Amino acid sequence: MGRKICGLLLLMGIILFYSCKNTGEQKESKNKIVQNKILQQEDGTISLKVDKADCYHDVINPSSNTAEWSVVVSKSGRFNVWLSSATKDTTDLKYNNSVMLSILDNRIEARPACDKIILNSTDVTYPYFRADSYLGSLYIQDTGLYNIQIISEKIIPKDIKKGESSGIENSKLLSVFLTPVTR
């Protein structure tokens, strides 16, 4: 009887040891996954820079250029969507097509205008100015991991040569901001 109890305790100890070890490995791998994602800021803002996105660039049809981010949303709610562009002309951003932003089934489509001109921005260098454009608002109901995608001809990869994309001299998309709406 004593051997059975010792054997049972030994078996339970081994199971406990391996289960604790596996839990640690799962937590470690979960942290690695989060490190590769964009995290929502403490104030609720989601800041998405095009140079940090996974981009698709079509030289023949630039209107289908796409940037995509994986974002961890920790605070859900209604967000205002703003685009930041680098432009030489502060009266016209020269977007030929509308810009479309999608998160799951939520979509916003609008043609950017110069709603705010940011003077002395560190995001751009002379002769460019930073122009922010309001696209609209959307509601994110749940927290969790989301893929946010934006489609625009002004998504221009860093390694593009000047002659390969029309309009590169005038303006390009820099970033997307989702700011929480407060009442």
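## Exercise 1: The surroundings of Gly77

Task: classify Gly77 as buried or exposed, and state which residues it contacts.

Solution. Gly77 counts as buried because its relative accessibility is 13%, where buried means under 20% relative accessible area, exposed over 50% and partly exposed in between (1.4 Å probe, protein chains only). The model is a predicted one, in which local features need pLDDT of at least 70 and side-chain atom pairs count only at pLDDT 80 or more, while totals for chains, interfaces and linings use all residues. Residues are numbered from 1 along each chain as its sequence is written, and side-chain values use heavy atoms, with hydrogens and water left out.

Strands here are DSSP runs of E with at least two residues, numbered from the N terminus. Leaving aside neighbours within four places in sequence, Gly77 is in contact (heavy atoms within 4.5 Å) with Leu138, Tyr139 and Ile140. Gln141 lies 64 residues from Gly77 in sequence, yet the C-alpha atoms of the two are 6.0 Å apart in space.

## Exercise 2: The partners of S4

Task: determine which strands pair with S4 (residues 66–73), and in which sense.

Solution. Two strands pair if DSSP finds at least two bridges between them.

1. Strand S1 (residues 38–39) runs parallel to S4 and is joined to it by 2 bridges; Ile38 stands opposite Val71.
2. Strand S3 (residues 54–56) pairs with S4 in the antiparallel sense over 3 bridges, and Cys55 has Ala67 as its bridge partner.
3. Strand S10 (residues 144–151) is also antiparallel to S4, over 8 bridges; here Glu68 is partnered by Gln149.

## Exercise 3: Charged side chains

Task: state how many salt bridges the structure holds, and describe the pairs formed by Arg130.

Solution. A salt bridge is a side-chain nitrogen of Lys or Arg within 4 Å of a carboxyl oxygen of Asp or Glu. The structure holds 4 of them. Arg130 meets Asp123 at 3.2 Å, N to O, and Asp132 at 2.8 Å, N to O. Arg130 and Asp132 are both buried, whereas Asp123 counts as partly exposed because its relative accessibility is 37%.

Elsewhere, Asp89 and Lys94 form a salt bridge with their closest N and O atoms 3.1 Å apart. Asp89 counts as partly exposed at 25% relative accessibility, and Lys94 is partly exposed with 32%. Salt bridges link Asp89, Asp92 and Lys94 in a network.

A further charge is found over a ring: the charged end of Lys116 sits 4.4 Å from the centre of the Trp82 ring. The criterion is NZ of Lys or CZ of Arg within 6 Å of the ring centre and within 35 degrees of the ring normal.

## Exercise 4: The largest nonpolar core

Task: identify which residues of the largest nonpolar core touch the most other members.

Solution. A nonpolar core is a set of buried Ala, Val, Leu, Ile, Met, Phe, Trp, Tyr and Cys residues joined through side-chain atoms within 4.5 Å. The largest has 29 residues, of which Trp69, Ile150, Val176 and Leu178 touch the most other members. Among the elements that give two or more residues to this core are S4, S5, S10 and strand S11 (171–180). Not counting residues up to four places away in sequence, Leu178 touches residues including Ile46, Leu48, Phe79, Val81, Ile103, Leu138 and Ile140.

Methods
Helices (H or I, at least four residues) and strands (E, at least two) are DSSP runs, numbered from the N terminus.
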